[in-house]
Amino acid sequence: MVLTAAKRRIGTVATAVGLVAALGGVVFGIAQLSGGSGASSTATGPGSASVAGAWVSGGPVAPTSQWTVPATPSQPPTSQAYSTQAPETGEGLGAGGSASSTGATQPEAGRTFAGATVSLAGRVVALDPGHTPSGGSSRQVPDGRGGMKACNTSGTATDAGYPEHAFNYDVAVRAQALLEARGATVHLSRGDSATEVVCVDERGKFADTVGAELLVSIHGDGNTDRSVKGFFAIVSGAPLNAAQGEPSVELANAVLLRLREAGFTQNSAYSGGISRRSDIAGVAFSTKPVVMFELGEMRNPEEAALMSSPEGRQRYAEAVAAGIGDWLIAHPAGA
Ligand SMILES: [Zn+2]
């Protein structure tokens, strides 16, 4: 059964690529941590699976210097720390909303982060790399709001043919390594098998399935207007439970802030970088805070180059992992 196959992969996705990245993170973490947390102890666990492929052959790059600014490691930020971007109140379903993206590209001076080296030991994260190498499936599954929709779509690709599923998976594996280097447990909703199919309803339930505290779905967008660029987040436009409301918006803002600070462009079509939609099963099913990120536009030449390069994907992964870490620190387990 498909879900069984997916579960079997859980915990085995530490790859040669990820392990190298994790080791880099450990070395870095040791250099930065003042106290001896358990962060490094879980990062060097056995990881024998290999997912080396044409698109990951370049290998990871070491975490960049942006990770070296833990302002006050002993004082985690409050949730207010990244809630300065007022969420838009309308349904940001389509493009063409307010084009305002106030502050989108400006580093926010004076901000304090706990830093990317604070231990996340004991915390559990679910990552969902969108789509699969096996392509879409029209099999109808529940959409989480009483209707039905296709199991999965095939995703987009760059004009040169680099597929979205490969981008999503590679960024997820890199983010997993970075978070695990800090002590977190990270589950991925799928591997990179050519035959595996994981439907959107399973993905939406994935945080609950594995006992994770949050669910982040990783995608690249495929706007056919090649002038369009930039990342944005998708949250539940009509929350079906409390977790899909403010906690999810806070999670979105935490990662969006890290993406902005890493120098990525924010899509100007969505005020605050957040799109609220009610047609995403991968969001509707979750009872844990859940956000889908469109990290870039794969048809835009500039972002296609970035997303096709291992160095670019490492930067995306660092921002995603750092934002998730910020959110976890601001939301103590069980709180
Ligand atoms: Zn996608």
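Me: Two strands pair if DSSP finds at least two bridges between them. What makes strand 1 and strand 4 a pair?
Reply: Strand 1 (residues 124-129) and strand 4 are joined over 4 bridges, against a requirement of at least two, so they count as paired. Their sense is parallel. Val 125 in this pairing stands opposite Val 186 in strand 4.

Me: What kind of model is this, and how are residues numbered?
Reply: The model is predicted: local features need pLDDT of at least 70 and side-chain atom pairs count only at pLDDT 80 or more, while totals for chains, interfaces and linings use all residues. Numbering starts from 1 along each chain as its sequence is written.

Me: How many helices and strands are there, and what counts as one?
Reply: The protein has 9 helices and 8 strands. Both are DSSP runs numbered from the N terminus, with at least four residues (H or I) for a helix and at least two (E) for a strand.

Me: In what order do the strands of the open sheet lie, and what makes a strand an edge strand?
Reply: The order is 4-1-5-8-6-7, with 6 strands and mixed pairing. Strand 4 (185-188) and strand 7 (274-277) are the edge strands, as each pairs on one side only. On average, neighbouring strands are turned by 25 degrees against each other, direction ignored.

Me: Which helices lie against these strands?
Reply: Helix 6 (residues 246-261) packs on the sheet and touches strand 5, strand 6, strand 7 and strand 8 (290-297). Its direction makes about 175 degrees with that of strand 6. Helix 9 (residues 310-330) lies across strand 1, strand 5 and strand 8, at about 155 degrees to strand 5. Such angles run from 0 to 180 degrees between N-to-C directions, and axes are lines fitted to C-alpha atoms, for helices over the stretch in contact.

Me: Why is helix 6 called oblique to helix 9?
Reply: Their packing angle is about 140 degrees, with axes 8 Å apart. That makes helix 6 oblique to helix 9, because angles under 35 degrees are roughly parallel, over 145 roughly antiparallel, 65 to 115 roughly perpendicular, and the rest oblique. The contact holds 10 nonpolar, 1 polar and 3 charged residues.

Me: Does the term for helix 3 and helix 9 come out as parallel or oblique, and why?
Reply: Helix 3 (residues 164-181) packs on helix 9 at about 50 degrees, with axes 8 Å apart. The two are therefore oblique to each other.

Me: What makes Asn 223 partly exposed?
Reply: Asn 223 has 18 other C-beta atoms within 10 Å. A residue is buried with 20 or more and exposed with 12 or fewer, C-beta atoms being placed from the backbone, so a count in between is partly exposed. Of the 335 residues of the protein, 53% count as buried.

Me: Where is Asn 223, and which residues is it in contact with?
Reply: Asn 223 lies in the loop between strand 5 (214-221) and strand 6 (232-236). Leaving aside neighbours within four places in sequence, Asn 223 is in contact (C-beta atoms within 7 Å) with Val 228, Glu 297 and Arg 299. Asn 223 and Asn 300, 77 residues apart in sequence, are 8.1 Å apart in space, C-alpha to C-alpha.

Key: Contact = placed C-beta atoms within 7 Å. Nonpolar A, V, L, I, M, F, W, Y, C, P; charged D, E, K, R; others polar.
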